[in-house]
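Welcome, and thank you for stopping by. Please take a moment with the sequence and the model below, and then let us walk through them together.

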Amino acid sequence: MNLTYVLLGLQSLYEALNGRYWVYPGTGPEWSFDNLEVNPCEPLWQLLDCSNGQLDKLIIRSANASGRLAAATGFFENQNMQENLTRLLLHSNRISGPVPSSLYMLTGLTHIEMFSNQFTG
């Protein structure tokens, strides 16, 4: 796993959904992009999950996320996200705008939850 590439994908999502205002539910590390060599799976960052050292789940539910999901182009274009992400849980936030057509790029997705947001279109 190319850590810099994974972190740049996560950073795109973080910025698009106003990550600096997220509410973190647990005690693990919050997302930080000061060091692009850190592994978000070790120790495990809050709001995500990993399997066999690969990021495979984003669990940003009821986290006060807001903004336009379509603005996270670096996330959707990230090959690691496309191949390894199996679950994307974004429900119960304030995410707005249209559901991006680039969502289809996440070919590994088997489960997605985006209800209780402000999507249009």
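## A guided walk through the model

What you see is a predicted model, in which local features need pLDDT of at least 70 and side-chain atom pairs count only at pLDDT 80 or more, while totals for chains, interfaces and linings use all residues. Residues are numbered from 1 along each chain as its sequence is written, and side-chain values use heavy atoms, with hydrogens and water left out.

Helix 1 has 14 residues and spans 20 Å from its first C-alpha to its last. That is close to the expected 20 Å, a figure defined as 1.5 Å times one less than the number of residues. At its start, a side-chain oxygen of N2 comes to within 3.1 Å of the backbone nitrogen of T4. This is a polar contact, meaning a pair of N or O atoms within 3.5 Å; within protein, one must be able to donate a hydrogen and the other to accept it, and residues adjacent in sequence count only if both atoms are side-chain atoms. Just after helix 1, N18 has a positive phi of about 55°.

Is helix 1 largely enclosed or open? Of its 14 residues, 10 are buried, so the rest of the structure largely encloses it. Here buried means under 20% relative accessible area, exposed means over 50%, and partly exposed lies in between (1.4 Å probe, protein chains only). Among the buried residues of helix 1 are L7, L10 and Y14. Their cover includes strand 1, strand 2, strand 3, helix 2 and helix 3 (79-84).

In soluble globular proteins, nonpolar side chains tend to be buried together. A nonpolar core is a set of buried Ala, Val, Leu, Ile, Met, Phe, Trp, Tyr and Cys residues joined through side-chain atoms within 4.5 Å. The largest one in this model has 33 residues, and those with the most contacts inside it are L10, W22, W31, L58, I60 and F75. Helix 1, strand 1 (48-51), strand 2 (54-59) and helix 2 (73-76) each supply at least two residues of this core, with helix 1 giving the most, six residues. F75 touches residues including G9, L13, L58, M81 and L106, leaving out those up to four places away in sequence; contact means heavy atoms within 4.5 Å.

Next come the aromatic rings. Rings of Phe, Tyr and Trp (its six-membered ring) pair if their centres lie within 6.5 Å; planes under 30 degrees apart count as stacked, over 60 as edge-to-face and the rest as tilted. The count by this rule is nine aromatic pairs. In one of them, Y14 and W31 have ring centres 6.2 Å apart and planes at 25°, so they are stacked. Because Y14 lies in helix 1 and W31 in the loop between helix 1 and strand 1, the pair ties together parts that are 17 residues apart in sequence. W31 is buried, at 5% relative accessible area. With centres 4.9 Å apart and planes at 75°, the rings of W22 and W31 form an edge-to-face pair. Ring pairs link Y14, W22, Y24, W31, F33 and W45 into a cluster.

Beyond its neighbours within four places in sequence, Y24 is in contact with Y14, G19, E30, W31, Q46 and L47. A polar atom of the Y24 side chain lies 3.4 Å from the backbone nitrogen of W31.

The loop between helix 1 and strand 1 also holds N39, which is buried with a relative accessible area of 15%. The N39 side chain reaches the backbone nitrogen of C41 at 2.8 Å. P43 is in this loop too, and the peptide bond from E42 to P43 is cis, with omega near -10°.

We finish with charge. The structure holds one salt bridge, defined as a side-chain nitrogen of Lys or Arg within 4 Å of a carboxyl oxygen of Asp or Glu. Which side chains meet in the salt bridge? They are those of K57 and D56, at 3.3 Å from N to O. K57 is partly exposed at 22% relative accessible area, whereas D56 is buried at 9%.

How values were computed. Helix = DSSP H or I, 4+ residues; strand = E, 2+ residues; numbered from the N terminus.
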